Amino acid sequence: SGVIALMLQANPNLGLRDVQEILAYTARQNDPTDPSWAFNDAVNWNGGGLHVSDDYGFGLVDARAAVALASTWMLQQTLSNRVIDTVSADSVGAIPAFGSSFAFTVTEADLLSLQWVRVQLDFTYSNFGNVKVVLTSPDGAQSVLLDRPYNGVAGADGYIATTVQLSTDQFWGQQSTGVWKVTIGDATGSGDAGIVNAATLVLVGDTPTQNQAFI
């Protein structure tokens, strides 16, 4: 909060998403030997791709870099200009014990410069505590949305019906168009199975313009 106060002092016109984006783009990669680090497919970052980790997020906050970038920031991303698009799954159905996948196809009509991505799932599963859900972007970047909640302990006997909303910011800066794939299944080898009844991909970001900002 102290770093954000300095950023707003340097540029009072920053919106909430500006602050989030500046913090992500100026973060430093701490503990670089941690195996969870990967690079996404952001198109507006120097060299291409933001480093992101399941353990550390985008990394360690760099106060000096964040304030410096805030002072020259030309955008104003607020609630009033946020864009949200929803896309239904191409198909859904059974989740076999060995896992399965289904896809969302995002067309040029839904092109966004992404910040948040959310997968809404309505499914039944024999042991919710063993399920793992991974989202893969059109360019191959991945985000683990759910990984064996409750340490593998089932919530009840038999099939468990559940509706979940799984959000990730690990695709920040990517373009939305293309085929997004959700992989879902048993992460423990216990032979659990289920059925996906419905699935929706929710994309949050900005409509790209000809005047793009590159960082």
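This briefing covers the salt bridges of the structure above. The model is predicted. The count of salt bridges comes to three. The pairs are R17 with D206, D62 with R28, and R148 with D147. Side chains of opposite charge can pair when their charged atoms come close.

**R17 and D206**
- The closest N and O atoms of R17 and D206 are 3.0 Å apart.
- R17 has 5% relative accessibility. That is under 20%, so R17 counts as buried.
- D206 counts as buried too, at 15% relative accessibility.

**D62 and R28**
- The side chains of D62 and R28 meet at 3.3 Å, N to O.
- D62 lies in the loop between β2 (51-53) and α3 (63-71). R28 lies in the loop between α2 and β1 (37-39).
- D62 is at 18% relative accessibility, under the 20% cut-off, and so counts as buried.
- R28 is at 44% and counts as partly exposed.

**R148 and D147**
- The side chains of R148 and D147 form a salt bridge at 2.8 Å, N to O.
- R148 counts as partly exposed, at 39% relative accessibility.
- D147 is at 34% relative accessibility. This value falls between 20% and 50%, so D147 counts as partly exposed.

Definitions and conventions:
Residues numbered from 1 in each chain as written. Predicted model: local features only at pLDDT ≥ 70, side-chain atom pairs only at ≥ 80, totals over all residues. Heavy atoms only, no water. Salt bridge = Lys/Arg side-chain N within 4 Å of Asp/Glu carboxyl O. Buried < 20%, exposed > 50% of the residue type's maximum accessible area, 1.4 Å probe, protein only. Helix = DSSP H or I, 4+ residues; strand = E, 2+ residues; numbered from the N terminus.
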